[in-house]
Amino acid sequence: MWYNNILETIGNTPLVKLNTITKSVPGTILAKIETTNPGNSIKDRMAVKMIEDAERSGKLKPGGTIIEGTSGNTGMGLAMAAIIKGYKCIFTTTDKQSKEKVDALRAFGAEVIVCPTNVEPEDPRSYYSVSSRLEREVPNSWKPNQYDNLANSQAHYEQTGPEIWEQTEGKITHLVVGVGTGGTISGTGKYLKEKNPNIQIWGIDTYGSVFKKYKETGIFDKDEIYPYITEGIGEDFLPANVNFDVIDLFEKVTDKDAALMTRDIARKEGIFVGNSAGAAIGGLIQLKDKLKPEDVVVVIFHDHGSRYMGKMYNEDWLRERGFLQDEKLTAKSIIAKKEATEIVTLDATKSVLEAINTIKSMNISQIPVTQQGMIVGKIAESDILTALLENPGLKSAPISEIMTATFPFVDLNTSIDKISSLINKENSAVLVEDESGKIEIITQYDIINAISG
């Protein structure tokens with residue numbers, strides 16, 4: 001048996017029992033592994049449904065262009081379907097999204113326009129506004145609008161809900177889903193509640209998003225809105241696909257907990273998933289006191305870990321945000337282990353001869369160069385030698401004439417691995433600003449000293 005095209009492989013994703021990461025949670029915890037869809041995410045389901053509905057209604061015509069604001073996964077589903085069905089794609093996304101997601105969309109032949117995150121939805125620069133403007137300007141185009149297009153929820157009512165009901169033989173008691181557009185939780189939840197009204201539908205939200213407070217108070221509070229890192233869940237407006245009547249409660253999970261839990265799922269269950277899965281498991285653990293041993297909980301694992309290699313699966317990215325507190329040496333701990341010395345610098349106006357004398361008297365091989373107190377370059381013994389061999393008269397010239405690019409600056413949380421990789425033939429040291437604003441220098445010797453100390 002074979003499939004006629006890749007779109008026929010969407011759906012019928014496996015349900016897998018979690019054994020380690022949810023040990024502390026009563027009940028049977030099952031993950032719906034949506035990464036087995038051909039676009040590696042649950043969004044393949046609703047992307048095809050939205051396109052097919054638009055074809056039937058005449059909104060999407062042969063040879064048309066699909067224009068959508070997407071964080072990546074919906075775009076992947078739309079791009080895949082567009083290839084099979086003969087459409088072009090233009091996507092707008094935000095600069096918060098991982099580079100991998102943008103690269104993946106371009107790999108499928110889509111045009112991607114990256115817009116700023118930290119602007120209001122109605123701002124003309126936002127990814128919502130840019131996609132709407134393009135729809136008006138591009139002939140024969142159609143915007144699916146995944147947030148308000150109810151085909152999104154309908155896809156999950158027709159597919160995801162029935163699959164979960166059959167796979168659990170109707171034993172499911174709780175559904176846990178990260179909420180972004182709201183299509184997955186609302187469509188799946190509606191189907192399951194029609195089968196058994198006692199099934200609890202729990203939505204996972206993030207700090208900086210409006211859902212939880214709106215559900216609990218009916219108030220849309222703009223003060224709740226602020227930038228956050230977690231991708232794929234939470235919103236700063238109310239999409240039509242979020243059916244608050246279907247969702248029994250919302251639980252907020254911090255960016256840090258979501259990021260670290262995402263990594264834990266890979267390390268403890270061998271399941272390589274994205275950020276919203278980490279948020280969902282984090283939220284479930286926070287809500288564990290509401291569960292009983294006989295409960296059967298299904299958690300949606302929306303997308304694949306490969307889209308987050310530069311973020312949740314990158315230790316330096318985590319350290320920069322203060323998310324990872326491990327035993328690995330960082331710039332901060334290397335500085336703490338070295339002897340307190342005043343960094344020697346030279347002003348860019350000083351002569352090459354003065355640089356030679358400083359290097360000799362201080363017994364050092366390189367010096368950062370400053371201009372009005374700011375570090376603007378560096379001068380090393382080798383630079384001076386090369387310059388004087390070419391032109392002995394340079395002795396009286398200012399060092400700005402022969403200085404090279406400054407040493408790389410690193411953050412206090414930068415790992416020893418990253419620092420070591422920056423120290424090479426061109427850069428024999430890195431610079432770091434300590435907590436008091438003082439500039440410190442880290443050399444290879446300091447790294448060796450810290451490791452052996």
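Residues are numbered from 1 along each chain as its sequence is written. The model is predicted, with local features needing pLDDT of at least 70 and side-chain atom pairs pLDDT 80 or more, while totals for chains, interfaces and linings use all residues, and side-chain values use heavy atoms, leaving out hydrogens and water.

User: What makes S1 and S9 edge strands?

Analyst: Start with the sheet. It is open, has six strands in the order S1-S2-S10-S7-S8-S9, and its pairing is mixed. S1 (15–17) and S9 (249–253) each pair on one side only, which puts them at the edges. The average twist from one strand to the next is 25°. Strands here are DSSP runs (E, at least two residues), as are helices (H or I, at least four), numbered from the N terminus.

User: How do you know that S1 and S2 pair?

Analyst: Pairing takes at least two bridges found by DSSP between the two strands. S1 and S2 (residues 28–33) have three bridges, so they pair. They run antiparallel. Lys 17 has Leu 30 in S2 as its bridge partner.

User: Which strands does helix H6 lie across?

Analyst: H6 (residues 160–167) lies across S1, S2, S7 (174–178) and S10 (296–301). Its direction makes about 140° with S2. Such angles run from 0 to 180 degrees between N-to-C directions, and axes are lines fitted to C-alpha atoms, for helices over the stretch in contact.

User: Why are H1 and H2 called oblique?

Analyst: Their axes cross at roughly 50° and come within 8 Å. Under 35 degrees counts as roughly parallel, over 145 as roughly antiparallel, 65 to 115 as roughly perpendicular, and the rest as oblique. H1 and H2 are therefore oblique. H1 spans residues 43–57 and H2 residues 73–85.

User: What makes up the contact of H1 with H2?

Analyst: Contact means heavy atoms within 4.5 Å. Residues of H1 that meet H2 include Met 46, Met 50 and Ile 51; those of H2 include Leu 78, Met 80 and Ala 81. The contact divides into eight nonpolar, three polar and five charged residues. Ala, Val, Leu, Ile, Met, Phe, Trp, Tyr, Cys and Pro count as nonpolar; Asp, Glu, Lys and Arg as charged; the others, Gly among them, as polar.

User: Which hand does the crossing of H1 and H5 have?

Analyst: Right-handed. That term applies when the near helix is turned clockwise from the far one by less than a right angle; anticlockwise is left-handed. The axes of H1 and H5 (residues 151–158) cross at roughly 120° and come within 8 Å. Among the contact residues are Arg 45 and Asp 53 of H1, with His 156 and Glu 158 of H5. The residues divide into four nonpolar, three polar and four charged.

User: How do you know that S11 and S12 pair?

Analyst: Two bridges join S11 to S12 (residues 366–371), in the parallel sense. Leu 346 stands opposite Val 369 in S12. H13 packs on this sheet, touching S11, S12 and S13, at about 135° to S12. The sheet is open, with the order S11-S12-S13 and mixed pairing.

User: What makes H13 oblique to H14?

Analyst: H13 (residues 352–362) and H14 (residues 381–390) pack at about 140°, axes 11 Å apart. That makes H13 oblique to H14. Their crossing is left-handed. Val 352, Ala 355, Ile 356 and Ile 359 of H13 make the contact with Glu 381, Ile 384 and Leu 388 of H14. Six of these residues are nonpolar, none polar and one charged.

User: Where does UniProt place "domain: CBS"?

Analyst: At residues 339–396, from an unreviewed entry. UniProt positions follow the numbering used here, feature names are shortened, and annotations may be inferred rather than shown by experiment. In the model, that span is 36% helix and 26% strand, with end C-alpha atoms 34 Å apart.
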